[in-house]
Amino acid sequence: MSFKDVLGHAKPIEFLKRAIKEEKVSHSYLFLGNEGIGKKWTALQFAKALNCLEASAEQWDACDRCISCRKIDHHLHPDVLLIEPEGQTLKVAQVRQMQRDLAYRPYEGRRRFCILAAADRMAPNMSNTLLKTLEEPPLHTVIVLLANNPRLLLPTILSRCQPIRFYPLPIPLVSNWLVEREGLNGEEAHLLAALSEGSPGKALEIREQMRQIPREELLIDLIGLKTIPFEKKESWAECLSSNRDTVVLILEVTKTLLRDLVMMKTLKDGAKLIHSDLRHQMEAIAPKWNLPSLLNRMEALHQTLLAIRGNANIMLSLEAMMLSWAEG
Ligand SMILES: [Zn+2]
(Lines give C-alpha, C1' and ligand atoms only; values in the text may rest on other atoms or scores of the structure.)
Protein backbone atom coordinates (compact mmCIF):
# COMPACT_ATOMS: atom_id res chain seq x y z
CA MET A 1 0.00 0.00 0.00
CA SER A 2 1.00 3.57 -0.65
CA PHE A 3 -0.84 6.89 -1.07
CA LYS A 4 -1.97 5.86 -4.54
CA ASP A 5 -3.73 2.77 -3.13
CA VAL A 6 -5.81 4.65 -0.53
CA LEU A 7 -9.50 4.66 -1.42
CA GLY A 8 -10.58 8.26 -2.11
CA HIS A 9 -9.39 11.20 0.06
CA ALA A 10 -7.56 12.88 -2.82
CA LYS A 11 -7.43 16.29 -1.08
CA PRO A 12 -5.85 15.21 2.23
CA ILE A 13 -3.33 13.09 0.31
CA GLU A 14 -2.46 15.93 -2.04
CA PHE A 15 -1.95 18.18 0.97
CA LEU A 16 0.39 15.69 2.69
CA LYS A 17 2.38 15.03 -0.48
CA ARG A 18 2.84 18.75 -0.99
CA ALA A 19 4.10 19.06 2.61
CA ILE A 20 6.73 16.36 1.88
CA LYS A 21 7.68 17.93 -1.43
CA GLU A 22 8.06 21.43 0.02
CA GLU A 23 9.67 20.11 3.21
CA LYS A 24 6.96 21.69 5.32
CA VAL A 25 5.87 18.66 7.30
CA SER A 26 4.35 19.75 10.63
CA HIS A 27 5.15 18.27 14.03
CA SER A 28 1.55 17.40 14.69
CA TYR A 29 -1.53 16.68 12.63
CA LEU A 30 -5.12 15.97 13.56
CA PHE A 31 -6.93 13.68 11.12
CA LEU A 32 -10.66 14.18 11.61
CA GLY A 33 -13.35 11.93 10.19
CA ASN A 34 -15.76 9.07 10.89
CA GLU A 35 -14.60 5.68 12.17
CA GLY A 36 -13.34 3.36 9.45
CA ILE A 37 -13.07 6.08 6.82
CA GLY A 38 -9.36 5.63 6.12
CA LYS A 39 -7.54 7.98 8.52
CA LYS A 40 -5.24 5.33 9.95
CA TRP A 41 -4.41 3.93 6.51
CA THR A 42 -3.55 7.37 5.21
CA ALA A 43 -1.41 8.12 8.29
CA LEU A 44 0.55 4.88 7.76
CA GLN A 45 1.13 5.73 4.08
CA PHE A 46 2.32 9.18 5.19
CA ALA A 47 4.82 7.51 7.56
CA LYS A 48 5.98 5.28 4.71
CA ALA A 49 6.34 8.12 2.22
CA LEU A 50 8.37 10.16 4.75
CA ASN A 51 10.72 7.29 5.57
CA CYS A 52 10.87 5.54 2.19
CA LEU A 53 14.41 4.84 1.05
CA GLU A 54 13.58 4.93 -2.66
CA ALA A 55 10.88 7.61 -2.91
CA SER A 56 10.83 8.92 -6.42
CA ALA A 57 11.24 12.67 -6.49
CA GLU A 58 8.20 13.18 -8.74
CA GLN A 59 5.65 11.31 -6.77
CA TRP A 60 6.36 11.91 -3.08
CA ASP A 61 4.92 8.52 -2.32
CA ALA A 62 6.18 5.27 -0.79
CA CYS A 63 7.89 2.77 -3.10
CA ASP A 64 6.32 -0.15 -1.22
CA ARG A 65 9.41 -2.31 -1.80
CA CYS A 66 12.29 -0.97 0.28
CA ILE A 67 13.11 -2.33 3.72
CA SER A 68 11.59 0.72 5.45
CA CYS A 69 8.25 0.40 3.59
CA ARG A 70 8.08 -3.33 4.28
CA LYS A 71 8.86 -2.91 7.98
CA ILE A 72 6.10 -0.30 8.36
CA ASP A 73 3.65 -2.59 6.55
CA HIS A 74 4.40 -5.34 9.05
CA HIS A 75 4.38 -2.99 12.07
CA LEU A 76 8.05 -3.78 12.64
CA HIS A 77 9.59 -0.35 12.07
CA PRO A 78 11.08 0.87 15.37
CA ASP A 79 10.39 4.53 14.51
CA VAL A 80 6.74 4.18 13.55
CA LEU A 81 4.46 3.82 16.55
CA LEU A 82 0.78 3.05 16.22
CA ILE A 83 -1.08 3.48 19.50
CA GLU A 84 -4.64 2.19 19.59
CA PRO A 85 -7.03 1.98 22.55
CA GLU A 86 -6.99 -1.22 24.56
CA GLY A 87 -10.74 -1.58 25.00
CA GLN A 88 -12.88 1.54 24.79
CA THR A 89 -10.37 4.24 25.69
CA LEU A 90 -6.68 5.06 25.53
CA LYS A 91 -4.88 4.26 28.76
CA VAL A 92 -2.57 6.62 30.66
CA ALA A 93 0.25 4.06 30.44
CA GLN A 94 0.03 4.10 26.63
CA VAL A 95 0.49 7.86 26.39
CA ARG A 96 3.33 7.77 28.96
CA GLN A 97 5.07 5.02 26.97
CA MET A 98 4.67 7.13 23.84
CA GLN A 99 6.37 10.06 25.60
CA ARG A 100 9.28 7.84 26.61
CA ASP A 101 9.64 6.45 23.08
CA LEU A 102 9.58 9.91 21.56
CA ALA A 103 12.41 11.11 23.79
CA TYR A 104 14.99 9.33 21.59
CA ARG A 105 16.21 10.19 18.12
CA PRO A 106 14.91 7.97 15.31
CA TYR A 107 16.74 4.63 15.24
CA GLU A 108 16.80 4.09 11.51
CA GLY A 109 14.17 6.28 9.86
CA ARG A 110 14.38 9.94 8.90
CA ARG A 111 11.39 10.73 11.08
CA ARG A 112 9.95 9.20 14.17
CA PHE A 113 6.26 8.84 13.52
CA CYS A 114 3.54 8.38 16.09
CA ILE A 115 -0.09 7.67 15.21
CA LEU A 116 -2.44 8.03 18.16
CA ALA A 117 -5.84 6.51 17.34
CA ALA A 118 -9.06 7.52 19.12
CA ALA A 119 -7.45 10.68 20.49
CA ASP A 120 -10.95 11.91 21.33
CA ARG A 121 -11.37 9.00 23.74
CA MET A 122 -8.96 9.72 26.56
CA ALA A 123 -9.20 10.93 30.12
CA PRO A 124 -8.57 14.66 30.84
CA ASN A 125 -5.33 14.00 32.74
CA MET A 126 -4.01 12.18 29.67
CA SER A 127 -4.92 15.14 27.47
CA ASN A 128 -2.63 17.27 29.63
CA THR A 129 0.19 14.75 29.29
CA LEU A 130 -0.29 14.73 25.53
CA LEU A 131 -0.43 18.51 25.45
CA LYS A 132 3.07 18.74 26.96
CA THR A 133 4.40 16.61 24.10
CA LEU A 134 2.61 18.75 21.54
CA GLU A 135 3.88 21.95 23.11
CA GLU A 136 7.50 20.82 23.00
CA PRO A 137 7.61 18.36 20.12
CA PRO A 138 10.79 16.26 20.05
CA LEU A 139 12.99 16.86 17.00
CA HIS A 140 12.46 14.73 13.88
CA THR A 141 9.04 13.67 15.14
CA VAL A 142 5.61 13.70 13.53
CA ILE A 143 2.55 13.02 15.69
CA VAL A 144 -0.76 12.25 14.01
CA LEU A 145 -3.88 12.22 16.17
CA LEU A 146 -6.91 10.41 14.79
CA ALA A 147 -10.34 11.48 16.00
CA ASN A 148 -13.93 11.65 14.89
CA ASN A 149 -15.30 14.14 17.38
CA PRO A 150 -13.19 17.31 17.73
CA ARG A 151 -15.55 18.60 20.44
CA LEU A 152 -14.13 15.98 22.80
CA LEU A 153 -10.59 17.32 22.40
CA LEU A 154 -9.16 20.13 24.50
CA PRO A 155 -9.05 23.44 22.57
CA THR A 156 -5.37 23.69 23.48
CA ILE A 157 -4.73 20.36 21.71
CA LEU A 158 -6.75 21.44 18.69
CA SER A 159 -4.78 24.65 18.38
CA ARG A 160 -1.44 22.82 18.32
CA CYS A 161 -2.28 20.46 15.45
CA GLN A 162 -2.64 20.96 11.73
CA PRO A 163 -6.22 19.74 11.13
CA ILE A 164 -7.00 17.60 8.08
CA ARG A 165 -10.58 16.59 7.47
CA PHE A 166 -11.58 13.26 5.92
CA TYR A 167 -15.04 13.44 4.39
CA PRO A 168 -17.37 10.47 3.78
CA LEU A 169 -16.53 8.73 0.51
CA PRO A 170 -19.09 8.57 -2.33
CA ILE A 171 -21.36 5.51 -1.85
CA PRO A 172 -20.61 4.04 -5.35
CA LEU A 173 -16.85 4.23 -4.65
CA VAL A 174 -17.22 2.22 -1.41
CA SER A 175 -19.69 -0.14 -3.04
CA ASN A 176 -17.35 -0.91 -5.98
CA TRP A 177 -14.46 -1.41 -3.57
CA LEU A 178 -16.52 -3.94 -1.59
CA VAL A 179 -17.26 -5.84 -4.80
CA GLU A 180 -13.73 -5.74 -6.21
CA ARG A 181 -11.64 -6.11 -3.07
CA GLU A 182 -13.90 -8.08 -0.76
CA GLY A 183 -15.86 -10.10 -3.32
CA LEU A 184 -19.33 -9.01 -2.12
CA ASN A 185 -22.29 -9.17 -4.49
CA GLY A 186 -23.54 -5.84 -5.84
CA GLU A 187 -26.73 -5.69 -3.76
CA GLU A 188 -25.04 -6.38 -0.42
CA ALA A 189 -22.18 -4.01 -1.30
CA HIS A 190 -24.59 -1.18 -2.11
CA LEU A 191 -26.57 -1.72 1.10
CA LEU A 192 -23.44 -1.81 3.32
CA ALA A 193 -21.86 1.19 1.57
CA ALA A 194 -25.03 3.25 2.10
CA LEU A 195 -25.42 2.19 5.74
CA SER A 196 -21.76 2.90 6.47
CA GLU A 197 -22.25 6.48 5.27
CA GLY A 198 -19.26 6.25 2.97
CA SER A 199 -16.90 4.54 5.40
CA PRO A 200 -15.28 1.32 4.06
CA GLY A 201 -14.08 0.20 7.50
CA LYS A 202 -17.54 0.56 8.97
CA ALA A 203 -19.08 -1.29 6.00
CA LEU A 204 -16.85 -4.29 6.73
CA GLU A 205 -17.47 -4.04 10.46
CA ILE A 206 -21.27 -4.17 10.16
CA ARG A 207 -21.25 -6.88 7.48
CA GLU A 208 -21.78 -9.82 9.87
CA GLN A 209 -24.20 -7.91 12.11
CA MET A 210 -26.33 -6.94 9.12
CA ARG A 211 -26.97 -10.59 8.30
CA GLN A 212 -28.70 -10.92 11.70
CA ILE A 213 -30.97 -7.92 11.23
CA PRO A 214 -34.49 -8.80 10.06
CA ARG A 215 -34.90 -6.04 7.48
CA GLU A 216 -38.05 -7.41 5.89
CA GLU A 217 -39.71 -7.85 9.28
CA LEU A 218 -38.70 -4.31 10.28
CA LEU A 219 -40.27 -3.01 7.09
CA ILE A 220 -43.51 -4.99 7.31
CA ASP A 221 -44.15 -5.17 11.07
CA LEU A 222 -42.62 -1.98 12.36
CA ILE A 223 -42.89 0.54 9.53
CA GLY A 224 -45.66 -1.05 7.49
CA LEU A 225 -48.30 -0.98 10.22
CA LYS A 226 -50.27 2.21 10.90
CA THR A 227 -50.85 1.18 14.48
CA ILE A 228 -48.45 -1.30 16.01
CA PRO A 229 -50.34 -3.75 18.27
CA PHE A 230 -49.37 -3.68 21.93
CA GLU A 231 -47.73 -7.16 21.88
CA LYS A 232 -45.64 -6.22 18.85
CA LYS A 233 -44.53 -3.01 20.53
CA GLU A 234 -43.47 -4.98 23.60
CA SER A 235 -41.57 -7.54 21.56
CA TRP A 236 -39.82 -4.86 19.47
CA ALA A 237 -38.79 -2.93 22.55
CA GLU A 238 -37.50 -6.17 24.09
CA CYS A 239 -35.58 -7.24 20.98
CA LEU A 240 -34.21 -3.73 20.56
CA SER A 241 -33.09 -3.19 24.12
CA SER A 242 -30.39 -5.88 24.07
CA ASN A 243 -27.18 -4.08 23.21
CA ARG A 244 -26.60 -0.40 22.46
CA ASP A 245 -24.56 -0.98 19.28
CA THR A 246 -27.17 -3.39 17.89
CA VAL A 247 -29.99 -0.98 18.73
CA VAL A 248 -28.17 1.84 16.94
CA LEU A 249 -27.64 -0.34 13.87
CA ILE A 250 -31.29 -1.49 13.82
CA LEU A 251 -32.45 2.13 14.08
CA GLU A 252 -30.05 3.17 11.32
CA VAL A 253 -31.44 0.42 9.11
CA THR A 254 -35.00 1.48 9.96
CA LYS A 255 -34.10 5.05 9.02
CA THR A 256 -32.88 3.94 5.59
CA LEU A 257 -36.07 1.88 5.12
CA LEU A 258 -38.15 5.01 5.85
CA ARG A 259 -35.89 6.97 3.52
CA ASP A 260 -36.55 4.42 0.78
CA LEU A 261 -40.31 4.78 1.28
CA VAL A 262 -39.93 8.56 0.92
CA MET A 263 -37.96 8.02 -2.32
CA MET A 264 -40.63 5.67 -3.54
CA LYS A 265 -43.36 8.26 -2.94
CA THR A 266 -41.51 11.25 -4.35
CA LEU A 267 -39.38 9.92 -7.21
CA LYS A 268 -41.19 6.65 -7.92
CA ASP A 269 -37.76 5.34 -8.93
CA GLY A 270 -36.81 1.88 -7.66
CA ALA A 271 -33.25 2.26 -8.92
CA LYS A 272 -32.42 4.78 -6.17
CA LEU A 273 -33.41 2.51 -3.28
CA ILE A 274 -30.89 1.43 -0.66
CA HIS A 275 -32.90 -1.76 0.02
CA SER A 276 -33.57 -2.55 -3.62
CA ASP A 277 -34.18 -6.24 -2.78
CA LEU A 278 -37.29 -5.18 -0.78
CA ARG A 279 -38.76 -3.14 -3.60
CA HIS A 280 -41.95 -5.19 -3.99
CA GLN A 281 -42.76 -5.03 -0.28
CA MET A 282 -42.18 -1.26 -0.39
CA GLU A 283 -44.48 -0.83 -3.34
CA ALA A 284 -47.26 -2.44 -1.27
CA ILE A 285 -46.58 -0.28 1.81
CA ALA A 286 -45.85 3.14 0.25
CA PRO A 287 -49.47 3.97 -0.77
CA LYS A 288 -50.62 3.53 2.87
CA TRP A 289 -48.58 6.51 3.96
CA ASN A 290 -48.56 10.21 3.24
CA LEU A 291 -45.29 12.08 3.00
CA PRO A 292 -45.62 14.24 6.17
CA SER A 293 -46.22 11.13 8.34
CA LEU A 294 -43.13 9.43 6.92
CA LEU A 295 -41.05 12.56 7.49
CA ASN A 296 -42.37 12.88 11.06
CA ARG A 297 -41.40 9.29 11.73
CA MET A 298 -37.93 9.89 10.33
CA GLU A 299 -37.50 12.94 12.54
CA ALA A 300 -38.63 11.04 15.67
CA LEU A 301 -36.26 8.23 14.75
CA HIS A 302 -33.40 10.66 14.20
CA GLN A 303 -33.95 12.20 17.66
CA THR A 304 -34.06 8.72 19.22
CA LEU A 305 -30.78 7.79 17.56
CA LEU A 306 -29.14 10.95 18.89
CA ALA A 307 -30.45 10.22 22.40
CA ILE A 308 -29.34 6.57 22.39
CA ARG A 309 -25.92 7.41 20.97
CA GLY A 310 -25.66 9.99 23.75
CA ASN A 311 -26.19 7.22 26.34
CA ALA A 312 -29.89 7.83 27.08
CA ASN A 313 -31.97 4.99 28.52
CA ILE A 314 -32.74 2.68 25.59
CA MET A 315 -36.17 1.46 26.67
CA LEU A 316 -37.46 4.94 27.53
CA SER A 317 -36.14 6.41 24.27
CA LEU A 318 -37.76 3.64 22.22
CA GLU A 319 -41.08 4.03 24.04
CA ALA A 320 -41.03 7.77 23.39
CA MET A 321 -40.36 7.09 19.71
CA MET A 322 -43.23 4.59 19.44
CA LEU A 323 -45.51 7.13 21.12
CA SER A 324 -44.64 9.86 18.67
CA TRP A 325 -45.02 7.41 15.78
CA ALA A 326 -48.52 6.55 17.05
CA GLU A 327 -49.45 10.23 16.92
CA GLY A 328 -48.93 10.27 13.19
ZN1 LIG B 1 10.02 2.48 0.19
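Trainee: What makes β3 mostly covered?

Mentor: Five of the five residues of β3 are buried. A residue is buried if 20 or more other C-beta atoms lie within 10 Å of its own, exposed if 12 or fewer, and partly exposed in between, with C-beta atoms placed from the backbone. This is a predicted model, in which local features need pLDDT of at least 70 and side-chain atom pairs count only at pLDDT 80 or more, while totals for chains, interfaces and linings use all residues. Residues are numbered from 1 along each chain as its sequence is written.

Trainee: Which residues point one way from β3, and which the other way?

Mentor: Arg112, Cys114 and Leu116 point one way, Phe113 and Ile115 the other way, and all are buried. In a regular strand the side chains alternate between the two faces of the sheet.

Trainee: How do you know that β2 and β3 pair?

Mentor: Two strands pair if DSSP finds at least two bridges between them. Strand β2 (residues 80-83) and β3 have four bridges, in the parallel sense. Within this pairing, Leu81 has Cys114 as its bridge partner, and Ile83 stands opposite Leu116. Strands (E, at least two residues) and helices (H or I, at least four) are DSSP runs, numbered from the N terminus.

Trainee: Why is one side of β2 and of β5 left without a neighbour in the sheet?

Mentor: The open sheet has five strands in the order β2-β3-β4-β1-β5, with parallel pairing. β2 and β5 (162-165) stand at the edges with a single partner strand each, so one side of each has no neighbour in the sheet. On average, neighbouring strands are turned by 15 degrees against each other, direction ignored.

Trainee: Why are α4 and α5 called roughly parallel?

Mentor: The axes of α4 (residues 92-102) and α5 (residues 124-135) cross at roughly 10 degrees and come within 9 Å. Axes are lines fitted to C-alpha atoms, for helices over the stretch in contact, and angles run from 0 to 180 degrees between N-to-C directions. Angles under 35 degrees count as roughly parallel, over 145 as roughly antiparallel, 65 to 115 as roughly perpendicular and the rest as oblique. The two helices are therefore roughly parallel to each other.

Trainee: Which residues of α4 and α5 make the contact?

Mentor: Val92, Val95, Arg96, Gln99 and Leu102 of α4 meet Asn125, Met126, Thr129, Leu130 and Thr133 of α5. Two residues are in contact if their C-beta atoms, placed from the backbone, lie within 7 Å.

Trainee: How do you know that Ala189 is buried?

Mentor: Ala189 has 23 other C-beta atoms within 10 Å, so it counts as buried. It lies in helix α8 (residues 186-195). Leaving aside neighbours within four places in sequence, Ala189 is in contact with Ser175, Leu178, Val179 and Leu184.

Trainee: What makes a set of residues a nonpolar core?

Mentor: Such a core is a set of buried Ala, Val, Leu, Ile, Met, Phe, Trp, Tyr and Cys residues joined through C-beta atoms within 7 Å. The largest one here has 40 residues, and those with the most contacts inside it are Phe31, Val144, Leu145 and Leu146. Elements giving two or more residues to this core include β1 (28-32), β3 (112-116) and β4 (141-147). Another core, of 28 residues, lies apart from it, with Ala193 and Met282 among its members.

Trainee: How much of the whole protein counts as buried?

Mentor: Of its 328 residues, 33% are buried.
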